[in-house]
Amino acid sequence: MHDLVIVGGGPAGASCARRAALHGLDVVLLEKSVHPRDKLCGGGLAPHVKDLVDFDISEVIEHDIYAVRLISPSGRRLYLKRETQAGYTVKRHKFDHHLLKKAEEAGARVEQDTEVVAIEQLKSGIRVLTKGDSYRAPLLVAADGVNGVVARSLGIRKRWPSDQVGLCIAADVPVDPGEIERIMSVSEEENRMPIEIHFGQVKWGYAWCFPKRDELSVGVGCRMDRMSNLKESWRDFVSMLERTRGIQINLDSTRSFRVPLGGCEKRVIGRRTMLIGDAAGLVSPFSGEGIYYAIESGQIAADVAKDMTTARNPVLVRNYQNIIKKSMCRNLDAAMFISNILYKSSSNTELVCKIAQEDPVMGELMLDIIANTKPMPELKIALIKRLVTRHPLKALRLGV
Ligand SMILES: Cc1cc2nc3c(=O)[nH]c(=O)nc-3n(C[C@H](O)[C@H](O)[C@H](O)COP(=O)(O)OP(=O)(O)OC[C@H]3O[C@@H](n4cnc5c(N)ncnc54)[C@H](O)[C@@H]3O)c2cc1C
């Protein structure tokens with residue numbers, strides 16, 4: 001019998017396992033794959049992920065990012081740059097492996113190649129069944145991602161409604177390290193390597209090109225209820241990059257994967273169970289950024305698990321729901337508000353890009369929103385204020 005069983009060893013599960021082990025809990029984490037494992041992802045991180053973890057992650061950082069290039073639906077180009085860091089990129093197999101090793105170092109037991117197939121509710125706890133084994137604990141954390149088995153087994157969520165989940169097609173494209181700089185820089189003035197976001201390639205979403213040391217993450221993603229022929233958008237995006245950047249894109253690693261985009265989930269707990277990261281739907285509906293929220297929700301769950309273990313009171317699981325509502329949901333709700341303006345129509349996206357290009361304060365705000373460098377509710381208010389006071393007619397057209 002352990003104090004806590006965690007299902008899934010991505011950023012959410014690994015962060016929860018580390019924090020819980022540091023609290024002195026007997027933790028076992030079950031992961032179906034073997035790390036370093038691949039995870040389809042742009043690998044763009046907000047600058048404050050570094051501050052969230054209690055260890056150094058510099059060895060797994062690919063590029064420090066100080067600039068973002070936005071391409072509007074009509075092809076308008078905005079280059080938003082700043083002196084302080086706007087983020088960085090990582091390769092997920094390295095980053096996630098690093099986090100998992102840190103969980104083990106803290107004393108968590110990590111069982112890889114161990115797929116959870118079912119969950120049983122017992123009178124005094126939970127039994128987690130894997131292929132050929134079982135694990136018991138008074139408490140369970142579901143960190144098994146967007147396609148997770150735990151939420152379904154416990155009846156917390158049957159499936160994602162199509163307006164709460166996105167689909168992405170992406171590839172990690174190998175590139176000669178000496179070529180990355182050339183591919184990502186399109187003019188001399190735009191002299192710091194950016195991440196690139198193309199609006200208008202798809203509805204309610206975007207296409208991206210993020211630089212790593214020796215590869216590019218290239219992808220398209222959109223909310224599923226607004227999707228129309230994502231494969232075609234993907235092919236168009238790839239050929240546009242090939243044409244305009246003079247590269248041959250190797251698509252061997254092309255895959256598709258889902259990402260929650262519904263904003264704050266109503267229910268992130270079950271009996272003796274906490275859902276964290278993608279399993280809980282904690283992803284920005286504006287950008288698809290989920291790593292930050294995965295790590296933070298994992299740490300919050302570990303703190304609640306410690307209180308529950310000390311008090312031997314499973315009802316305290318409600319505290320997790322309350323903390324998530326008060327902290328993270330405010331951020332995700334504000335991100336949803338911004339998405340509703342930006343993605344409502346192609347003309348809205350175009351108009352927002354135009355305003356951001358003409359008004360440097362709006363450009364700064366856009367950069368903050370994309371890079372998630374300030375609390376989203378603060379950015380939402382600043383955005384509304386700026387639009388209403390400086391661009392009142394355009395604000396009306398946008399529906400603000
Ligand atoms: C194409 C794409 C691009 C993205 N780009 C970005 C980005 O640039 N920046 C960003 O912040 N976010 C991005 N995201 C979102 C980000 O990938 C997720 O939010 C993040 O991975 C969530 O972490 P997690 O630990 O909750 O889940 P995951 O990383 O999905 O980890 C879940 C883990 O659980 C394991 N697992 C699943 N089922 C079981 C089972 N039954 N038994 C045992 N183990 C199991 C899996 O093997 C996996 O290791 C992107 C997502 C997609 C799809």
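In the predicted model, strand β5, which spans residues 67-71, pairs with β6 in the antiparallel sense, and five bridges join the two strands. Within this pairing, R69 is found opposite Y79, a residue of β6. Strands of a sheet are in general held together through backbone hydrogen bonds, and their pairing may be either parallel or antiparallel.

The two strands belong to an open sheet of seven strands, in which the pairing is mixed and the order reads β6-β5-β14-β15-β16-β13-β17. The edges of this sheet are formed by β6 (77-81) and β17 (255-260), and because each of them has a single partner strand, one side of each is left without a neighbour in the sheet. On average, and with direction ignored, neighbouring strands of the sheet are turned by 20° against each other. Helix α11, made up of residues 360-371, lies across β5, β6 and β14 (194-198), and the helix runs at about 75° to β6.

The ligand has 40 residues around it, of which G8, G10, G42, G277 and G290 come nearest. When the shell around the ligand is divided by class, 18 residues are nonpolar, 15 are polar and seven are charged. At least two residues of this shell are supplied by each of α1 (11-22), β13 (165-174), β16 (215-223), β17 and α7 (291-311).

Notes. Residues numbered from 1 in each chain as written. Predicted model: local features only at pLDDT ≥ 70, side-chain atom pairs only at ≥ 80, totals over all residues. Pairing = 2+ DSSP bridges. Helix = DSSP H or I, 4+ residues; strand = E, 2+ residues; numbered from the N terminus. Axes fitted to C-alpha atoms, helices over the stretch in contact; angles between N-to-C directions. Contact = placed C-beta atoms within 7 Å. Near = placed C-beta within 6 Å. Nonpolar A, V, L, I, M, F, W, Y, C, P; charged D, E, K, R; others polar.
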